[in-house]
Amino acid sequence: MFTIEHDFDATVITLIDEGAPHLQEDVTILAFEDVVTIEQLDPRRDEVVRLTLSMAQLRDLAAALNLPEGSYRLARPDS
C-alpha cells in the first residue's frame, strides 16, 4: 500500500509494508525539483535515517531495477 501527497515544494510518497510476517517501518519518499530524499524510522535508534539521491542517481536506480547483473553507464542527454 502507498499514499501520494502533493505539498508546496515536494511530492511525498509513503510506502506502507503490509502482509509480510516481519513488517518493516514505512518508507517516505520526498521528490523535490532537484533531489529525492528517502526516509525510514530506525526503531533500534528511534531516529529517522535519511538518504538523498540526485536526479542522475534516481535515473540510474530506475534503470538498474530492470537490468541483469553488470556494470553500466547510462547515456546522459545534453543539458
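The model is predicted, so local features need pLDDT of at least 70, side-chain atom pairs count only at pLDDT 80 or more, and totals for chains, interfaces and linings use all residues. Residues are numbered from 1 along each chain as its sequence is written, and side-chain values use heavy atoms, with hydrogens and water left out.

Met 1 lies in the segment before β1; strands here are DSSP runs of E with at least two residues, numbered from the N terminus. Met 1 is exposed, at a relative accessible area of 56%. Exposed means over 50% relative accessible area, buried means under 20%, and partly exposed is in between, with a 1.4 Å probe and protein chains only. Apart from residues up to four places away in sequence, Met 1 touches Thr 14, Leu 15, Ile 16 and Glu 18, where a contact is defined as heavy atoms within 4.5 Å. From Met 1 to Thr 11, 10 residues along the chain, the C-alpha separation is 17 Å.

Thr 11 belongs to strand β2 and is partly exposed, with 24% relative accessibility. In sequence Thr 11 and Ala 31 are 20 residues apart, but their C-alpha atoms are 5.1 Å apart in space. Ala 31 is also among the residues that Thr 11 touches, and the others are Ile 4, Glu 5, His 6, Ile 29 and Leu 30, again not counting residues up to four places away in sequence.

Strand β2 covers residues 11–15, and Thr 14 sits in this strand as well. Thr 14 counts as buried because its relative accessible area is 14%. Which residues does Thr 14 contact, leaving aside its neighbours within four places in sequence? They are Met 1, Phe 2 and Thr 3, together with Asp 26, Val 27 and Thr 28.

Phe 2, one of these contacts of Thr 14, is in strand β1, which spans residues 2–6. Phe 2 is exposed, with a relative accessible area of 54%. With Ile 4 and Leu 15, Phe 2 forms a nonpolar patch on the surface, and the accessible area of the three together is about 300 Å². Patches are made of residues with over 30% relative accessible area and no salt bridge; like charges are joined within 9 Å, and nonpolar side chains (Val, Leu, Ile, Met, Phe, Trp, Tyr) within 5 Å. Accessible areas come from the Shrake-Rupley method with a 1.4 Å probe, and for residues only the protein chains shown count as cover.

A patch of negative charge is also found on the surface, where Asp 17, Glu 18, Glu 25 and Asp 26 gather. Asp and Glu count as negative, Lys and Arg as positive, while His and the chain ends are not counted. The place of a charge is taken as CG of Asp, CD of Glu, NZ of Lys or CZ of Arg. Glu 18 lies in the loop between β2 and β3, the latter being residues 27–31.

The next topic is charge pairing. Side chains of opposite charge can pair when their charged atoms come close. How many salt bridges does a search of the whole structure find? The search finds four, a salt bridge being a side-chain nitrogen of Lys or Arg within 4 Å of a carboxyl oxygen of Asp or Glu. One of them joins Glu 39 to Arg 50, with the closest N and O atoms 2.8 Å apart. This pair links distant parts of the chain, 11 residues apart: Glu 39 is in strand β4 (residues 35–42) and Arg 50 in strand β5 (residues 47–54). Glu 39 is buried at 19% relative accessible area, whereas Arg 50 is exposed at 54%.

A network of salt bridges links Asp 42, Arg 44, Arg 45 and Glu 47. Within it, Arg 45 pairs with Asp 42 at 3.1 Å between the closest N and O atoms, and with Glu 47 at 3.5 Å. Asp 42 is buried, with a relative accessible area of 10%, while Glu 47 is partly exposed at 39%.

Asp 46 is found in the loop between β4 and β5. Asp 46 has a positive phi of about 50 degrees although it is not a glycine, and its relative accessible area of 63% makes it exposed.

Val 49 is placed in strand β5 and counts as partly exposed, at 37% relative accessibility. Beyond residues up to four places away in sequence, Val 49 touches Ile 38, Glu 39, Gln 40 and Asp 42. Between Val 49 and Ile 38, 11 residues apart in sequence, the C-alpha to C-alpha distance is 8.2 Å.

Key: Helix = DSSP H or I, 4+ residues; strand = E, 2+ residues; numbered from the N terminus.
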